Amino acid sequence: MAEGNSVVPRATQLTERRLADDVKPLLEKEGFEILAPEVRLGAFRFDMLAKSAEGELVVIELKTCIALGTLAQLLIYPHAIQQYLRTTGREEPTIRAMLVTTFLDENVVEIAARLACLLRIDIRLCVDTEDGGLELCSPPFGASSQVWNQAEVPTRGDPENSKLEAVLKAFER
C-alpha cells in the first residue's frame with residue numbers, strides 16, 4: 001500500500017446481519033454457546049442470546065454504527081429478561097450484557113466500567129486481522145480509527161462549544 005493511502009477497515013463495512021454471522025464463531029472460540037439469534041420479548045429484540053462458559057445468560061447487542069441508545073439497551077435487556085423469568089416462576093441465572101461493535105465511542109467503555117457494580121457489560125470491538133479475517137478485541141483498545149470520543153468531535157454549528165460554555169458559566173454563578 002502506498003504511503004498516504006488509507007484503507008477502510010472491512011469490519012466497518014459490515015451490516016448487522018453479516019456481523020452476526022461473522023462474530024458467531026469468534027464468540028464460540030471465546031467459550032460462548034450461541035443459543036439463538038434475534039430473540040423477541042415484547043417490544044424488545046435481542047440480537048443474540050448466549051451461554052457463557054461460566055453458565056451465565058449473555059444478552060449480546062450488535063452494532064455497526066454509533067448509536068446513542070446502545071447503553072440503554074445494554075441495561076434494559078437483561079432487566080427485562082430477569083422480570084420475565086420472575087413472572088414465569090423460573091430460576092434467575094446470572095445475566096450479563098455484551099456489546100459487539102464495529103465502531104465505539106470510548107465514553108461507552110468508561111460508563112460500562114462505572115456500571116459494573118450493577119451489571120457486567122462486556123465490550124468487544126470487531127476489527128480486521130492482517131490476514132483479512134476478523135477478530136474481537138477487549139478493552140483497552142488503544143488508538144484506532146474505529147474508536148473515538150463523540151464529545152470531542154468538532155461540529156460545524158458550534159466548533160468551540162461556545163453555547164455550552166455560556167450555559168456552564170451561568171450555572172457556576
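What share of the contacts in the protein chain with a separation of 6 or more comes from residues 24 or more positions apart? I looked this up and got 55%, where contact means heavy atoms within 4.5 Å.

**Ground rules.** I am working on a predicted model, where local features need pLDDT of at least 70, side-chain atom pairs count only at pLDDT 80 or more, and totals for chains, interfaces and linings use all residues. Residues are numbered from 1 along each chain as its sequence is written, and side-chain values use heavy atoms, with hydrogens and water left out.

**Overall chain.** I found four helices and eight strands in the protein chain. I took both from DSSP runs numbered from the N terminus: helices are H or I with at least four residues, strands are E with at least two. Read from the N terminus, the order is α-β-β-β-α-β-β-α-β-β-β-α. Of the 173 residues, 36% are buried; buried means under 20% relative accessible area, with a 1.4 Å probe and protein chains only. I noted an accessible surface of about 10,900 Å² for the protein chain, with 53% of it belonging to carbon and sulfur atoms. That area comes from the Shrake-Rupley method with a 1.4 Å probe.

**Sheet.** I traced an open sheet of six strands in the order β1-β2-β3-β4-β6-β7, and its pairing is mixed. Strands β1 (33-41) and β7 (134-137) are at the edges with a single partner strand each, so one side of each has no neighbour in the sheet. Neighbouring strands of this sheet are turned by 30° against each other on average, direction ignored. Two strands pair if DSSP finds at least two bridges between them. I then checked β3 (residues 57-63) against β4 (residues 95-101): they pair in the parallel sense over seven bridges. Here E61 stands opposite L99 in β4.

**Helix on the sheet.** I followed helix α1 (residues 16-29) across β1, β2, β3, β4, β6 (121-128) and β7. Helix α1 runs at about 140° to β3; axes are lines fitted to C-alpha atoms, for helices over the stretch in contact, and angles run from 0 to 180 degrees between N-to-C directions.

**Aromatic pairs.** I found two aromatic pairs in the structure. F46 and Y77 form one that is edge-to-face, 5.0 Å centre to centre with 75° between the planes. This pair links distant parts of the chain, with F46 in strand β2 (residues 44-51) and Y77 in helix α2 (residues 70-87), 31 residues apart. Rings of Phe, Tyr and Trp (its six-membered ring) pair if their centres lie within 6.5 Å, and planes over 60 degrees apart count as edge-to-face. Both F46 and Y77 are buried. Ring pairs link F44, F46 and Y77 into a cluster.

Notes: Buried means under 20% relative accessible area, exposed over 50%, partly exposed in between (1.4 Å probe, protein chains only). Rings of Phe, Tyr and Trp (its six-membered ring) pair if their centres lie within 6.5 Å; planes under 30 degrees apart count as stacked, over 60 as edge-to-face and the rest as tilted.
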